[in-house]
Amino acid sequence: MDNWLLYILTVAAIAIGWWLGRRERFGGKPADIAGANYYDGLNYLLKEQPDRAVATFVRDLEVNQETLETHLALGGLLRRRGELEKAVIVHQNILEKARLTPEVILDVRLELARDYLLAGLLDRAESVLVELIQAEGRIQRESLRLLLEIFEREKDWRKAIEVAERLAVGKESEKYDHAMSHYFCEIAIDHLKHSQPELAREALSEAIGRDANNPRTSLVLGEIELSAGRYQDAVRALQRIVEQNPIYVPESLKLLVRAYELGDLSQEEMRSYLLDCLRQTPSISIVLMLARSIRDQEGDEAVSRFIAHHLKQNPTIRGLTQLIDLHIDNAHGVARENLSILRSFAEALVADKPAYRCRSCGFDGKKMHWHCPSCKGWSTIEPIFGLEGE
Ligand SMILES: [Zn+2]
């Protein structure tokens, strides 16, 4: 593109930016068709000659009340396009050159912090935000939110708690209390890893204090009790999950079975608990755990009947595979071969299928996460039920 064309486009972008700014001041809304054209123009400019376009803007376009919108739009656009270094240049330029009102300065600095955060420059973002949280109202709350995002990313749970305390007011108090409950769970797990059971217990009681209905607190408490050799207490803790949210019972099964085995506790009691869970949530993991116990005590035929009965009501491929396994052991010749083929077919059907999905953003994976790696929601990931899942 020639220089003159670049010049004309720049001037056009400024003119439209100015016009939009003027309209907004006189009560109009900037996000109309003209607004879309304006962004299209900027986008085009950036696509053709990104370096020169940004350099021209920064060098030639004075930053003042009239052109501020244009500069901010360019900065925002660059960030959305992932050109974070350029976004930083544009936002810094505004702060250096313009004589702005204190409120606008705070807004521009918040934009700069967002650039840093997205670019992964967490230290820089943090130092800007720590100053911005001294402000009031919207700027303070938005800065606290971004700061919380940084501490979550850094897994600095203590600092995250400090920030969340300040955010947990009004309508959003429940949301941040729930997040804090997870931060304390994280701290408890860390203590447990470092063989500090008493500290783990302390952190966990804080976690329960923030949200007594968070099923993860029961899982972590179960682990603490199990590692202390208090098997009956571990069972009691783990069995609370069915009241908190029965869809997470499958997450507790390994610990539960270990507590029953190590504590030499009644298998019958475990079975009656699992049957109760099954009535509330038709999970194949629970069926298979029950199947193990039934097989040990009543033999193959009883367990086949039990699985087949459950499959009729809630067909799953994992259940089918288990049923085939039971029959393979007693089959011979061609029948056995056919069952093997059927089994590998069933296995292939679920091999690449995710087991968990985030109800908030749709992220799916094979592993359970309490913190969604994609949308960063807490307790938004759930086991997938249905034919190919639980
Ligand atoms: Zn998500």
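The legends below accompany close-up views of a predicted model.

**View 1. Overall content of the predicted protein chain.** The protein contains 20 helices and 3 strands, and 32% of its 390 residues count as buried. Among contacts between residues at least 6 apart in sequence, 49% join residues that are at least 24 apart.

**View 2. The open sheet of 3 strands, in the order β2-β1-β3.** The pairing within this sheet is antiparallel. Strand β1, which spans residues 356–358, is joined to β3 by 3 bridges, and these two strands run antiparallel. Strands of a sheet pair through backbone hydrogen bonds, in either a parallel or an antiparallel manner.

**View 3. Packing of helix α4 against helix α5.** Two packed helices are described by the angle between their axes and the distance between the axes. For α4 (residues 68–80) and α5 (residues 84–97), the axes come within 8 Å and cross at roughly 160°; as angles over 145 degrees count as roughly antiparallel, α4 and α5 are therefore roughly antiparallel to each other. The crossing of this pair, α4 and α5, is left-handed. On the α4 side the contact is made by His-71, Leu-74, Gly-75, Leu-78 and Arg-79, which meet Leu-84, Lys-86, Ala-87, Val-90, His-91 and Ile-94 of α5. Sorted by class, the contact of α4 with α5 comprises 6 nonpolar, 3 polar and 2 charged residues.

**View 4. Packing of helix α6 against helix α7.** The axes of α6 (residues 102–118) and α7 (residues 122–132) lie 8 Å apart, and the helices pack at an angle of about 155°, so α6 and α7 are roughly antiparallel to each other. In passing α7, helix α6 makes a left-handed crossing. From α6, the residues Leu-106, Arg-109, Leu-110, Leu-112, Ala-113, Tyr-116 and Leu-117 meet Leu-122, Arg-124, Ala-125, Val-128, Leu-129 and Leu-132 from α7. The residues of this contact between α6 and α7 divide into 11 nonpolar and 2 charged, with no polar residue.

**View 5. Lys-175 and Gly-377, a pair separated by 202 residues in sequence.** Despite this separation along the chain, the C-alpha atoms of Lys-175 and Gly-377 are 9.8 Å apart in space. Lys-175 has its place in helix α10, which covers residues 173–193. With 14 C-beta neighbours inside 10 Å, Lys-175 counts as partly exposed, because that class lies between the limit of 12 or fewer for exposed residues and that of 20 or more for buried ones.

**View 6. Lys-155 and its positive phi.** Most residues other than glycine have a negative phi. Lys-155, however, has a phi near 55°, and is found in the loop between α8 (137–153) and α9 (157–167). Lys-155 is exposed, with 12 other C-beta atoms within 10 Å.

**View 7. Asp-264 and its positive phi.** Although Asp-264 is not a glycine, its phi is positive, at about 50°. Asp-264 lies in the loop between α15 (249–262) and α16 (267–280), where Asp-264 is exposed, with 8 other C-beta atoms within 10 Å.

Notes. Residues numbered from 1 in each chain as written. Predicted model: local features only at pLDDT ≥ 70, side-chain atom pairs only at ≥ 80, totals over all residues. Pairing = 2+ DSSP bridges. Helix = DSSP H or I, 4+ residues; strand = E, 2+ residues; numbered from the N terminus. Contact = placed C-beta atoms within 7 Å. Axes fitted to C-alpha atoms, helices over the stretch in contact; angles between N-to-C directions. Parallel < 35°, antiparallel > 145°, perpendicular 65-115°, else oblique. Left-handed = near helix turned anticlockwise from the far one by under 90°. Nonpolar A, V, L, I, M, F, W, Y, C, P; charged D, E, K, R; others polar.
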